[in-house]
Amino acid sequence: MDSKQQRIKIAVQKSGRLTDHSLDLLERCGLKFTKSKDQLFCFGENMPVDLLLVRDDDIPALVSDDICDLGIVGLNVVQEKRLLLERNGGQALFDKVFELDFGHCRLALAAPEDAAYNGTSSLQNARIATSFTAILGDYLERNAIVAEIVYFSGAVEIAPKLGRADFICDLVSSGATLSANQLREVGTVFESEAVVIQTRAPLSDLKKDWVTRILQRLDGVLQVRESKYIMLHAPRAALAEITRLLPGSEHPTVIPLEGQPDKVAVHAVCREYVFWETLENLKNAGASSLLVLPVEKMLA
Ligand code: ATP
Ligand code: ZN
C-alpha cells in the first residue's frame with residue numbers, strides 16, 4: 001500500500017450550512033490544512049488526513065463506498081441514504097460514530113396557514129411535497145397513512161402555492177422560512193443534527209490509529225465546549241454542600257490551604273454551563289475567591 005492510501009480521507013460539505021462548523025471542529029482537533037473552499041481536496045499539512053469537499057448529499061455514499069473513511073453530514077441525509085439503499089435491497093456500509101451538537105434541525109410537516117389540519121388523519125390521500133422521499137415514506141408507513149409523495153429537489157415551500165401539493169415536509173430550524181411562505185408547522189417527522197459517520201470497510205493498522213486519535217480528539221473538543229474549570233476556597237464544614245452545587249462535576253480536587261486548617265481549595269471541571277446563580281449559590285454556601293476559567297483541551 002503506498003503512502004497516499006495510508007492517508008485518512010474525511011468528506012465535508014463544500015459550501016453550505018455545515019461547512020464552517022465542520023472545518024472549525026477539525027481545526028480544533030489539531031488538523032491544519034490549506035483552507036480553500038473552491039478546491040475539492042484539502043491536503044492536511046500536519047497529519048496524514050485530507051479533506052474532500054463535496055455536496056452533502058454525496059457524503060454517505062463516499063463513506064459507504066470506502067472512498068472516504070469518515071464524513072461529517074446531517075443525520076437527515078444519512079437516514080435518507082440508508083433508507084434508499086435498504087429499499088433497493090442494499091445496505092449502508094457506514095456507521096454513525098458521533099453526534100456533533102450543531103446543524104440542529106427537524107424534518108417538519110407544514111400546512112398552508114389557511115388550511116384545516118386535524119392531526120395525521122388530514123394527511124390521508126393528500127399530496128405532500130418533499131426532498132426526503134424515503135424518510136417521509138417511512139414515516140407515513142409507520143403511521144398507516146396513504147398519501148402521494150411529490151418529489152421537489154429544492155424550494156419545497158412553494159409547492160402548495162404552485163398547486164403541486166397540499167402539505168410539505170421540509171427541514172426547519174427556526175421556522176422563519178415557513179412563516180415567510182404562509183405555512184405553519186403541524187408535526188415533526190425526523191430530528192436531525194450533524195454527525196460523524198465511519199466506513200465499515202476494514203482500516204489498515206496505521207489508519208485505525210489515526211481514526212482513533214481523531215475520534216478521541218473530537219470527543220475532547222465536544223466535551224470542553226460547555227466545560228469550565230472552577231477554583232474556589234471553601235470551609236471544610238461546607239465541602240459536601242459546595243461539591244453538590246458544582247454543576248456536572250463528579251470528583252473535585254480538594255487541596256489543603258497553608259495556615260488555614262478549617263479551609264480548603266476546591267478545583268473542579270464543570271461539564272455544564274456555569275450560571276451566575278450557581279456562583280451566587282456557592283458563595284452563599286460559604287465559598288470565596290471564586291474563579292471560573294475556560295477549558296482549552298481535555299483528554300480523558
Ligand atoms: P449542498 O449544496 O451541499 O447539497 P444543501 O443545500 O443540500 O447543500 P444546506 O442547506 O447547506 O444543504 O444544509 C445542509 C444540512 O444542514 C442539512 O442537510 C441539515 O442537516 C442541516 N440544517 C440545519 N438547519 C437547517 C435548515 N434550517 N434548513 C436546512 N438544513 C438545515
Ligand atoms: Zn444537499
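Five bridges join strand S6 (residues 105-112) to strand S9 (residues 167-172), and the two strands run antiparallel. The model is predicted. Strands S6 and S9 belong to an open sheet of five strands with mixed pairing. A zinc ion (ligand 2) is coordinated by Asp56 and Asp57. Two residues other than glycine, Ala155 and Gln182, have positive phi values.

**The sheet**

- The strand order is S8-S7-S9-S6-S10.
- Strand S8 (148-151) and strand S10 (183-192) form the edges, and each pairs on one side only.
- From one strand to the next, the twist averages 30°.
- Strands of a sheet pair through backbone hydrogen bonds, in either the parallel or the antiparallel sense.

- On the S9 side, Arg106 stands opposite Val172.
- Seven of the eight residues of S6 are buried, so the strand is largely enclosed by the rest of the structure.

- Helix H4 (residues 133-142) lies across S6, strand S7 (127-130), S8, S9 and S10.
- H4 runs at about 170° to S8.

**Zinc site**

- Asp56 and Asp57 each coordinate the zinc ion (ligand 2) through OD atoms, at 2.0 to 2.1 Å.
- Four donor atoms surround the zinc ion (ligand 2), and they subtend angles of 73 to 175°.
- Why is the arrangement irregular? A tetrahedral site needs all angles between 85 and 135 degrees, and the range of 73 to 175° makes this arrangement irregular.
- For four tetrahedral donors, the ideal angle at a metal is 109.5 degrees.
- Asp56 is buried, at 18% relative accessible area, under the 20% cut-off.
- Asp57 is partly exposed, with a relative accessible area of 40%.

**Helix H1 and Thr19**

- Thr19 lies in helix H1 (residues 19-28).
- Thr19 is buried, with a relative accessible area of 2%.
- A polar atom of the Thr19 side chain lies 2.9 Å from the backbone nitrogen of Gly16.

**Positive phi in loops**

- Most residues other than glycine have a negative phi.
- Ala155 has a phi near 45°, a positive value.
- Ala155 sits in the loop between S8 and S9, and it counts as partly exposed at 43% relative accessibility.
- Gln182 has a phi near 55°, again a positive value.
- Gln182 is in the loop between helix H5 (176-180) and S10.
- Gln182 counts as partly exposed, at 40% relative accessibility.

**The loop at Asp65**

- Asp65 is found in the loop between helix H2 (59-64) and strand S4 (70-74).
- Is Asp65 buried or exposed? Asp65 is exposed, because its relative accessible area of 51% is over the 50% cut-off.
- Asp65 and Ser153 are 88 residues apart along the chain, and their C-alpha atoms are separated by 24 Å.

Definitions and conventions: Residues are numbered from 1 along each chain as its sequence is written. Chains are lettered from A and ligands numbered from 1 in the order in which they are written. This is a predicted model: local features need pLDDT of at least 70, side-chain atom pairs count only at pLDDT 80 or more; totals for chains, interfaces and linings use all residues. Side-chain values use heavy atoms; hydrogens and water are left out. Donors are N, O and S atoms within 2.8 Å of the metal (3.2 Å for Na, K and Ca); water is not among the atoms, so sites may look incomplete. Four donors count as tetrahedral if all angles lie between 85 and 135 degrees; four count as square planar and six as octahedral if opposite donors are over 155 degrees apart and all others between 65 and 115; anything else is irregular. Buried means under 20% relative accessible area, exposed over 50%, partly exposed in between (1.4 Å probe, protein chains only). Helices (H or I, at least four residues) and strands (E, at least two) are DSSP runs, numbered from the N terminus. A polar contact is a pair of N or O atoms within 3.5 Å; within protein, one must be able to donate a hydrogen and the other to accept it, and residues adjacent in sequence count only if both atoms are side-chain atoms. Two strands pair if DSSP finds at least two bridges between them. Axes are lines fitted to C-alpha atoms, for helices over the stretch in contact, and angles run from 0 to 180 degrees between N-to-C directions. Contact means heavy atoms within 4.5 Å.
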